[in-house]
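Let's walk through this model together, one question at a time. Keep the sequence and the 3D view open as we go.

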Amino acid sequence: MARVQLDGITKRYSDIVAVDDMNLDIRDGEFVTFVGPSGCGKSTTMEMIAGLTTPSEGTVTIGDTDVTRFPPKDRGVAMVFQNIALFPHMDVYDNISFGLRLRDYDDEEIRERVERATEIVQLEGMLDRQPDEMSGGQRQRVAIARAIVRNPAVFLMDEPLANLDAKLRVHMRTELQRLHKELDTTIIYVTHDQAEAMTMSDRIAVINDGQLQQIDPPLVCYNEPANLFVAGFIGSPSMNLVAGEVTESGFRGEHLSVSFDPASVGVSPGDQVTLGVRPEDVYPAANAADATDPSGQFETFTDVLEPMGNEIFAYLQFEATSGGMDDDPRNQLLMSVDPDAAIAEDERQSVVLDREKLHLFETSSGDAIVHSLSGQYQATTTGPESGAAGGD
Ligand code: ADP
């Protein structure tokens, strides 16, 4: 087990800044996941912790040791990658023990470590199998066992499940959580799959453009996203984001206004802000009582419905346009409703928002301002006919 600290880590490739002044303090025994879109710098950060890439600036500390210039083998880390490189001509036992044999451990020690590792990843009884006699998930478990036998202070896992089919990925997710519990070791995990990040991690580090956007427990990233990027990235489907500005009486967008006292939120009339609301925090007006603090209702039209089985995603339009609905996301709002909700396509739909769950962001910087507009505030619509009418 070990703490891992990154201080001002930067990696430049000629004019590309792959990682930009990253500061992270990962606690001993913590499971931290790096998540973000492809090319955001996740793997490069991981490679600098592993020692496969040297930072342009900054330091990497593992335990109490500055390992910035150490080769990978001297860092006490073990890596598991997306492409599992097992030796095809070796059986499972030899694959798992290969690194230990290279380091001249005695046979008894090797046998004990392999037995313990195979027990943890549940590969008992398979030690004499060849890799081509195993499923993708079993081969991935061999790769994990090979990392476990080294007793690393830190596990580094870069998209280890990416090549597995969807069902197996879900299964391996729970296995990795169990593994973390059992080993009690620091795990740093890279994925672009936010479901993996949400389900396994103690904390998620959300990265974009080489920069750390937020590092927090999954539900904090979900409920209190630090900025517009995190708000849009974490959560599927994404949070609805409505651009507008602050008026004397609150927020005003093209189709939707929410009344609140600007001073109480620390904003001023004229400020350009973006209102965020997750699909599950939009309710049909008939179910307004389900919201903790329902806003005044406003009128939309249902466009497409997507029944998912456990819920229905309803794409709402603020205005009916002649000749059909338009695709401009600024005119749309996504609502998630119960599967038995009385809702049909192409009909008027009055909806309310849960003010307790409304987010405000500064549009230019993207920074979050507030994660609830609950209290004495009032919500109104800017309806096509009514101007700024409506409300509670
Ligand atoms: P991620 O793992 O999030 O997909 P990477 O860390 O692999 O992202 O890459 C971050 C950025 O750095 C990308 O723009 C990528 O093209 C660039 N990059 C990564 N490795 C190299 C390299 N060896 N040479 C040049 N550019 C690189």
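Q: By class, how many nonpolar, polar and charged residues does the lining of the largest pocket have?
A: A word on the basis comes before the count: this is a predicted model, where local features need pLDDT of at least 70 and side-chain atom pairs count only at pLDDT 80 or more, while totals for chains, interfaces and linings use all residues. Residues are numbered from 1 along each chain as its sequence is written, and side-chain values use heavy atoms, with hydrogens and water left out. Ala, Val, Leu, Ile, Met, Phe, Trp, Tyr, Cys and Pro count as nonpolar, Asp, Glu, Lys and Arg as charged, and the others, Gly among them, as polar. By class, the lining has 14 nonpolar, three polar and three charged residues.

Q: Which residues lie nearest the centre of the largest pocket?
A: On a 1 Å grid over the protein atoms alone, a pocket is an open set of points where a 1.4 Å probe fits, with protein on both sides within 12 Å along at least five of seven lines, and lining residues have an atom within 4 Å of a point. The volume, the space filled by probe spheres set on points joined across faces, edges and corners, is about 400 Å³. Of the 20 lining residues, those nearest the centre are M79, A85, A143, R146 and R150.

Q: Which element gives the largest share of the lining of the largest pocket?
A: Helices (H or I, at least four residues) and strands (E, at least two) are DSSP runs, numbered from the N terminus. Those giving two or more residues to the lining are β6 (77-81), α2 (92-102) and α4 (136-148). The largest share, five residues, comes from α2.

Q: Which side chain has a polar atom 2.5 Å from an oxygen atom of the ligand?
A: The residues around the ligand (a heavy atom within 4 Å) include G39, G41, K42, S43 and T44. For polar contacts (pairs of N or O atoms within 3.5 Å), a polar backbone atom of G41 is 3.0 Å from a ligand oxygen, and a polar side-chain atom of K42 is 2.9 Å from one. The side chain at 2.5 Å belongs to T44.

Q: Why is one side of β6 and of β10 left without a neighbour in the sheet?
A: Six strands form an open sheet in the order β6-β7-β8-β3-β9-β10, with mixed pairing; two strands pair if DSSP finds at least two bridges between them. One side of β6 and of β10 (211-216) has no neighbour because both stand at the edges, each with a single partner strand.

Q: Which residue in β10 is the bridge partner of N208?
A: Strand β9 (residues 203-208) pairs with β10 in the antiparallel sense, over five bridges. N208 has as its bridge partner in β10 the residue Q211.

Q: Which residue takes a positive phi in the hairpin of β20 and β21?
A: β20 and β21 (residues 368-370) pair in the antiparallel sense over two bridges, and L360 stands opposite V370. The hairpin has five residues between the strands, and the one with a positive phi near 85° is G366.

Terms used
A polar contact is a pair of N or O atoms within 3.5 Å; within protein, one must be able to donate a hydrogen and the other to accept it, and residues adjacent in sequence count only if both atoms are side-chain atoms.
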